[in-house]
Amino acid sequence: MKLLTNESAKLNKSQNGEWLNAILYLEPSYSGKVCPNASKGCKRTCLVNSGMMKMPVQTKARFNRTELYFNDNNVFMFLLRKEIVALQKKALKQNKRLALRLNGTSDLDFTEVYKEFPSVQFYEYTKRTDLLDVIKELTNVHLTVSATENTTKDQFHAIIKKGYNIATVFDTVPSRYNDIKVVDGDATDRRFEDETGVIVGLKFKGSKALKENALNLGFCRK
């Protein structure tokens, strides 16, 4: 079973002469434990409901990985470590560094892995504020807080004040929102290269019906 994906439209925009990127995609609908802080808007308009992610082959692969994670975690972690080592060797061969997102479609605590591979640049989106304090001492991990339809204007500013960037989905990505600078989060996936104190603007991806739903819920901002 292959756990990490290092070829996709999203990743291809992030590969360059310096970085080799890969992402772990799990299935968020498998259990409430996969994305414990997911809002109603997040669940209804999840990335797994758009593009190739919703195809049967990709869906089955995510379910299989997630089932392994929860039902035989020792095997899952063994395979994950093995794949990370292999990608490290591949990156070294190409004179690149390895950058990994282990929460492509999940929000789990991979602190154990982050600590085990200090030379790998890990980067994640998270809605779990409990992880911010756990991970803040690790110099090889970059976290971007994900907004939901429930995130208030004051909370945007509070998160920025704490030194974290905050990502949110827009119908049309503006240059500023809530008096805060917005950067284009779709230009590259390498969030660890973002300047601090900004909102990461992500254009909504999905069908017209999903988009209307996201706008009505407030998850996608106009």
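**Figure 1. Buried residues of helix H7 in the predicted model.** In this predicted model, Phe-156, Ile-159 and Ile-160 of H7 are buried. Seen down the axis of H7, the buried residues fall within an arc of 100°, so they line one face of the helix. An α-helix has 3.6 residues a turn, so residues three or four places apart point the same way. The cover over the buried residues of H7 includes strands S5 (141–146), S6, S7 (176–177), S8 (180–184), S9 and S10 (220–221).

**Figure 2. The other side of H7, and what follows the helix.** Asp-154 and Lys-161 are exposed on the other side of H7. Lys-153 also belongs to H7, which spans residues 153–161. Its relative accessible area is 58%; the cut-off for exposed is over 50%, so Lys-153 counts as exposed. After H7 comes Gly-163, with a positive phi near 100°.

**Figure 3. The largest pocket and its lining.** The largest pocket holds about 900 Å³ of space. Its lining has 39 residues, and those closest to the pocket centre are Cys-42, Cys-46, Leu-47, Lys-127 and Phe-219. Which elements give two or more residues to the lining? They are helix H2 (40–44), helix H3 (56–71), strand S4 (121–126), strand S6 (166–170) and strand S9 (199–203). S6 gives the largest share, 3 residues. By residue class, the lining of the largest pocket divides into 15 nonpolar, 14 polar and 10 charged.

**Figure 4. Met-55 in the loop between H2 and H3.** Met-55 sits in the loop that runs between H2 and H3. Is Met-55 buried, partly exposed or exposed? With a relative accessible area of 38%, Met-55 is partly exposed. Val-200 is 145 residues away from Met-55 along the chain, and the C-alpha atoms of the two are separated by 28 Å.

**Figure 5. Two asparagines with positive phi.** Most residues other than glycine have a negative phi. Asn-95 has a positive phi, near 55°. Asn-178 also has a positive phi, near 55°. Asn-95 lies in the loop between helix H4 (73–93) and strand S3 (97–101). Asn-178 lies in the loop between S7 and S8. Which of the two is buried, and which is exposed? Asn-95, at 68% relative accessibility, counts as exposed. Asn-178 has a relative accessible area of 16%; buried means under 20%, so Asn-178 is buried.

**Figure 6. The chain as a setting for the close-ups.** The protein chain has 8 helices and 10 strands. Its radius of gyration is 17 Å, close to the 17 Å that the globule rule gives for 222 residues, so the chain is as compact as a globular protein of that length. Along the principal axes, the C-alpha atoms fill a box of roughly 45 × 35 × 30 Å. Of the 222 residues, 52% count as buried. Among contacts with a separation of 6 or more, 58% come from residues 24 or more positions apart.

How values were computed:
Residues numbered from 1 in each chain as written. Predicted model: local features only at pLDDT ≥ 70, side-chain atom pairs only at ≥ 80, totals over all residues. Heavy atoms only, no water. 1 Å grid on protein atoms, 1.4 Å probe; cavity = no way out; pocket = protein on both sides within 12 Å on 5 of 7 lines; lining within 4 Å. Points joined across faces, edges and corners; volume = space filled by probe spheres on them. Helix = DSSP H or I, 4+ residues; strand = E, 2+ residues; numbered from the N terminus. Nonpolar A, V, L, I, M, F, W, Y, C, P; charged D, E, K, R; others polar. Buried < 20%, exposed > 50% of the residue type's maximum accessible area, 1.4 Å probe, protein only. Arc of directions from axis to C-beta. Contact = heavy atoms within 4.5 Å. Rg over C-alpha atoms; globule rule 2.2 N^0.38 Å.
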